[in-house]
Amino acid sequence: MVNLEELKEVLLISDDSPSGLVWKIDKFCGANYQIPIAKVGDIVGWKNVRGYWEFKHKKKSYISHRVIYMISNNIVLSYDQQIDHLDGDRGNNKISNLILSNSVLNSRNKKLRDNFKTGVSGVSMHTNGSGNFYARATWQELDGTEGCKTFSFLKYGEETAMSLA
């Protein structure tokens, strides 16, 4: 469980910091906490391999955008609550760029993969056993159920089928 009050005592939200956070205190490590590792005003954390800012405090790892959202809104998030970056930039932790979300809504804002052929999220091309192509649109409703609709290239033509999907 996150101790929000403790995090507020040691962290300050800062638009001047690339992580969105700076330390309010001097940080030390080592057997007797004698070795200085950060000073007041230093940038908190590092960018991980997935592009998110994270940090450690008292041997616990935190994802910076979640902490920034919790501090700025004075709430503790449950594990199923997600924070979405509105501009899709995982490193942009400005408060104005963060919104409370869930897995369904958050997946709609995902960056498209490099090998994505249609260029449209949720739209894919398929072929049936007869060699006829069709466009398929898939989506998730807010309640988590999945929707799907197909449009035949033979019936509509490729361009129209793709635009309908």
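I started with Ser-64, which counts as buried at 0% relative accessibility. For my notes, buried means under 20% relative accessible area, exposed over 50%, and partly exposed in between, with a 1.4 Å probe and protein chains only. The model is a predicted one, where local features need pLDDT of at least 70, side-chain atom pairs count only at pLDDT 80 or more, and totals for chains, interfaces and linings use all residues. Residues are numbered from 1 along each chain as its sequence is written, and side-chain values use heavy atoms, with hydrogens and water left out.

**Confidence**

I checked pLDDT, the predictor's confidence in each residue from 0 to 100. The protein averages 84, and 85% of the residues score at least 70. Residues 112–116 fall below 50, and this stretch has six contacts in the model beyond near neighbours in sequence. Contact here means heavy atoms within 4.5 Å.

**Helix α2**

Where does Ser-64 sit? I found Ser-64 in helix α2. Helices (H or I, at least four residues) and strands (E, at least two) are DSSP runs, numbered from the N terminus. Leaving out residues up to four places away in sequence, Ser-64 touches Ser-19, Leu-21, Trp-53, Glu-54, Phe-55 and Asn-93.

I then looked at the whole helix: eight of the ten residues of α2 are buried, so the rest of the structure largely encloses it. Those buried residues are Ser-64, His-65, Arg-66, Val-67, Ile-68, Tyr-69, Met-70 and Ile-71. After α2 comes Asn-74, with a positive phi near 55°.

**The sheet beside it**

I traced an open sheet of three strands in the order β5-β6-β7, with antiparallel pairing. Its edge strands are β5 (46–47) and β7 (60–63), each pairing on one side only. Two strands pair if DSSP finds at least two bridges between them; β6 (residues 53–57) and β7 have four, in the antiparallel sense. Across this pair, Glu-54 stands opposite Ile-63 and Phe-55 stands opposite Tyr-62. What packs on this sheet? Helix α2 does, touching β6 and β7, and its direction makes about 75° with that of β7. Axes are lines fitted to C-alpha atoms, for helices over the stretch in contact, and angles run from 0 to 180 degrees between N-to-C directions.

**Two positive phi values in loops**

Most residues other than glycine have a negative phi, so I noted the exceptions. The β6–β7 hairpin has two residues between its strands, and Lys-58 in the turn has a positive phi of about 50°. Lys-58 is exposed, at 62% relative accessible area. Tyr-33 also has a positive phi, near 50°, and lies in the loop between β3 (27–29) and β4 (35–38). Tyr-33 counts as exposed at 55% relative accessibility.

**The core**

A nonpolar core is a set of buried Ala, Val, Leu, Ile, Met, Phe, Trp, Tyr and Cys residues joined through side-chain atoms within 4.5 Å. In the largest one, with 19 residues, Leu-11, Leu-21, Trp-23, Phe-55 and Val-67 touch the most other members. Elements giving two or more residues are α1 (4–10), β2 (21–23) and α2 (64–73), and α2 gives the most, with five.

**Cysteines**

How many disulfides does the structure hold? I found zero, taking a disulfide as a pair of cysteine sulfur atoms within 2.5 Å. Cys-29 is partly exposed at 29% relative accessible area, and Cys-148 is partly exposed at 45%.
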